[in-house]
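The exercises below ask you to work through salt bridges and helix packing with the sequence and the 3D view side by side. Try each task before you read its solution.

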Amino acid sequence: MVDSDRVERYIQQFEAERHLRVSEMARHLIVMTLDAIEHDPNPNWDAPMVELETFADRSTRDVPGLLGAVAEHGRIKDEITYFNVLHFLSSNLKSICPFPSE
């Protein structure tokens, strides 16, 4: 299971550095997405658990960078919302995910 406290620390780091807020629902989406990498992966990934864990850990560490990309993608001025994150992921998932999904 993804350490939600660790994810929260990365989100708070981003907020402090970028002076942007991340909504509560966006926080939940991020944690659930990271947790799903290990516990509800795409069956087409065909990756061993160790690779899924490694990808989840690397993605967790990259939360500030991903939030920065979300902010730039959506031209966010004050708060990143659930839908900002969702739209970013739907547009960029193939470039983020290292596993083929088809």
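**Exercise 1. Find what the side chain of R21 meets in a salt bridge, and say which parts of the chain the pair ties together.**

Step 1. The side chains of R21 and D78 meet in a salt bridge, with 3.9 Å from N to O; the term stands for a side-chain nitrogen of Lys or Arg within 4 Å of a carboxyl oxygen of Asp or Glu.

Step 2. Because R21 lies in strand β1 (residues 21–22) and D78 in the loop between α4 and β2 (79–80), the pair ties together parts that are 57 residues apart in sequence. Helices (H or I, at least four residues) and strands (E, at least two) are DSSP runs, numbered from the N terminus.

Step 3. R21 has a relative accessibility of 46% and counts as partly exposed, and D78, at 44%, counts as partly exposed as well. Buried means under 20% relative accessible area, exposed over 50%, and partly exposed in between, for a 1.4 Å probe and protein chains only.

A note on the model: it is predicted, so that local features need a pLDDT of at least 70 and side-chain atom pairs count only at pLDDT 80 or more, whereas totals for chains, interfaces and linings use all residues. Residues are numbered from 1 along each chain as its sequence is written, and side-chain values use heavy atoms, with hydrogens and water left out.

**Exercise 2. How many salt bridges does the structure hold, and are E15 and R27 buried or exposed?**

Step 1. The structure holds 5 salt bridges, and one of them joins E15 to R27, whose closest N and O atoms are 2.9 Å apart.

Step 2. This pair links distant parts of the chain, since E15 belongs to helix α1 (residues 4–18) and R27 to helix α2 (residues 24–39), 12 residues apart.

Step 3. E15 is buried, with a relative accessible area of 18%, and R27 is also buried, at 9% relative accessibility.

**Exercise 3. Locate D57 and R61, and name the residues that salt bridges with shared partners join into one network.**

Step 1. D57 forms a salt bridge with R61, and the closest N and O atoms are 2.3 Å apart.

Step 2. Both D57 and R61 lie in helix α3 (residues 49–61), 4 residues apart, which is about one turn of the helix.

Step 3. D57 is partly exposed, with a relative accessible area of 30%, and R61 counts as partly exposed at 42%.

Step 4. Salt bridges that share partners join R6, D57 and R61 into one network.

**Exercise 4. Describe how α4 and α5 pack, and list the residues of the contact.**

Step 1. Two packed helices are described by the angle between their axes and the distance between the axes. Axes are lines fitted to C-alpha atoms, for helices over the stretch in contact, and angles run from 0 to 180 degrees between N-to-C directions.

Step 2. Helix α4 (residues 63–73) and helix α5 (residues 82–96) pack at about 115 degrees, with their axes 10 Å apart.

Step 3. α4 and α5 are therefore roughly perpendicular to each other; angles under 35 degrees count as roughly parallel, over 145 as roughly antiparallel, 65 to 115 as roughly perpendicular and the rest as oblique.

Step 4. From α4, the contact draws on L66, A69, V70 and H73, and from α5 on N84, V85, H87, F88, S91, N92 and I96, where contact means heavy atoms within 4.5 Å.

Step 5. These residues divide into 6 nonpolar, 5 polar and no charged. Ala, Val, Leu, Ile, Met, Phe, Trp, Tyr, Cys and Pro count as nonpolar, Asp, Glu, Lys and Arg as charged, and the others, Gly among them, as polar.

**Exercise 5. Describe in the same way how α2 packs with α5 and how α1 packs with α4.**

Step 1. α2 and α5 pack at an angle of about 40 degrees, with their axes 7 Å apart, and are therefore oblique to each other.

Step 2. In this contact M25, A26, L29, I30 and T33 of α2 meet Y82, V85, L86 and L89 of α5, a set made up of 8 nonpolar, 1 polar and no charged residues.

Step 3. For α1 and α4 the angle is about 50 degrees and the axes are 8 Å apart, and these helices are therefore oblique to each other.

Step 4. On the α1 side the contact has V7, Y10, I11, Q13, F14 and R18, and on the α4 side V63, P64, L67, G68, A71 and E72; by class, there are 8 nonpolar, 2 polar and 2 charged residues.
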